Amino acid sequence: MSTAGEPVTVQSIAQTGNSVVPPQYVQPPETRPTTKTTQHHQNDAAEPSPLSINLGDEDTNRLKEEIGRACRDWGAFHVINHGVPIQLLDEMRCVGKSFFENCDMEQKLRYSCDSTLPASEGYGSRMLVAENDSVLDWRDYFDHHTLPLSRRNPAKWPNFQSDYREVVAEYSDRMKVLAQRLLVLISESLGLPSSCIEEAVGEFYQNITVSYYPPCPQPDLTLGLQSHSDMGAVTLLIQDDVEGLQVFKDGEWVTVRPLHGGILVLLADQTEIITNGKYRSCQHQAITNSERARLSVATFHDPAKTRKILPVFEPPVYHEVMYGDYVSSWYTKGPEGKRNIDALLLTP
Ligand SMILES: O=C(O)CCC(=O)C(=O)O
C-alpha cells in the first residue's frame, strides 16, 4: 500500500480491490452507521430536510422567518436562487473530481499537505494531527487556503487542468459574498443589527476543502468523515449526486439528499457562541458506500486565530474564547461530535 515512504491514501487502498478495510479504518460499534441512518425525511412531502430556502424570495420577513426556523431546528438549510451561477458549482465539482480521478498518484503527491500540521494546505488523508486520530476517515481531500487574499497562493493548487485555479478563485469570491449575505439574514432573523454576526467574526479566513470518498468495501464498518461540527462561523457545502452526508437531529442521523444547484448552509461553532446558543452548530458526518465514489466541496468561513469570540446576548451561556485556542483544542483532542463547543458551556 505504501511504497518508498509515500503517504497512504484512501484511494490507493480502495484501488487494491481488497474486500476488507485495514483495521485502522474500522469504527468502534458505537460510531458505526446504523440502519436508521438511511432514512430520507425529504420524502416526507410536508417538510424537506433540511429545509430548502429560496433566497430570491422578495418577502424578506418570510425569508428571515424561514431562516430562523431552519437555524433553530436544524442548524442547517439548503439555499436556492442564491445568486451563484449553477455552472460555477458544476465547474468546481468537476475540477475537484478530475484532480482525484484524472491525475496519477505521482502528480497528486506533488501537492501533498504537511501531515504534521493541522489544516495544512494541499492533498492529504488525515484530518487530525494527534494520536487521537486512531480511527481513520475513509476520505482523501484537497484543502485550499483562499481568503484573505494574503493567504491565497494559486501556485499551490493543481494546474493540470487549465482552468483549475481560475475556478477555485472565482468560487472562493462568490462563496464569500454569499456567506456575508447569509450572516446578515441570520443576524436579522434574531432581531440583531444586520452586521452583528459578521462584525463579531471579523475578516473571513476561508478554506475550501474538496473531499473525495472512494467506494468502500465495508461501508457498515467505516465513516467517510467522523461526526463533528465545524469550528468556524458558517460553512457552505455542495456535493455531487451520491448520497453520504448526514446531519444529526433529534437523536438520529438524517441523510441529506443532494440538491443539484442548491448550496447547503451549515452553522458552525463560533455562530453558536455568538448567538449564545439560540442557534446551534450542525453536527454532521459522512458515510461511505461500496458502489460509487463521492465528492463534496466545503467552504469554511472562520474568524482570525487572534479573534476573541463571545456571546452577543446576556447572560452569556458560553465562555469567551480566542479562536486560535479553539482550533488547537479541536485538532488535538479531536471533534467527537460537539465536545469542544460543549466544553465552553458555563453550566454544562
Ligand atoms: O462530505 C461531506 O458532505 C461533509 C464534508 C465535511 O463535513 C467537511 O469537510 O467538514
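Mentor: Strands β4 and β5 are joined by seven bridges and pair in the antiparallel sense. The model is predicted: local features need pLDDT of at least 70, side-chain atom pairs count only at pLDDT 80 or more, and totals for chains, interfaces and linings use all residues. Residues are numbered from 1 along each chain as its sequence is written.

Trainee: Why are β4 and β5 called paired?

Mentor: Two strands pair if DSSP finds at least two bridges between them. β4 and β5 have seven, so they pair. In β5, Y212 is the bridge partner of D140. β3 (residues 122–124) meets the criterion too, with three antiparallel bridges to β4, and there G122 has D143 as its partner.

Trainee: What makes β3 an edge strand?

Mentor: The open sheet of eight strands runs β1-β2-β10-β7-β12-β5-β4-β3, with mixed pairing. β3 and β1 (52–54) each pair on one side only. Elsewhere in this order, β7 and β12 are joined by six antiparallel bridges, with L237 opposite A298.

Trainee: Why does one side of β6 have no neighbour in its sheet?

Mentor: Four strands form another open sheet, β6-β11-β8-β9, with antiparallel pairing. β6 (225–228) and β9 (252–255) stand at its edges with a single partner each, so one side of each lacks a neighbour in the sheet. β8 (residues 245–249) pairs with β9 over four bridges, and K249 stands opposite E252.

Trainee: How do you know that the buried residues of α3 line one face?

Mentor: A residue is buried if 20 or more other C-beta atoms, placed from the backbone, lie within 10 Å of its own, exposed if 12 or fewer, and partly exposed in between. M92, R93, V95, G96, F99 and F100 of α3 are buried. Down the axis they fall within an arc of 165°, so they line one face (the arc is that of the directions from the axis to the C-beta atoms). On the other side, Q87, E101 and N102 are exposed.

Trainee: What covers the buried residues of α3?

Mentor: The cover includes α1 (10–14), α5 (164–189), β4 and β5 (contact requires C-beta atoms, placed from the backbone, within 7 Å). β4 is itself mostly covered, with eight of its eight residues buried.

How values were computed
Helix = DSSP H or I, 4+ residues; strand = E, 2+ residues; numbered from the N terminus. Contact = placed C-beta atoms within 7 Å.
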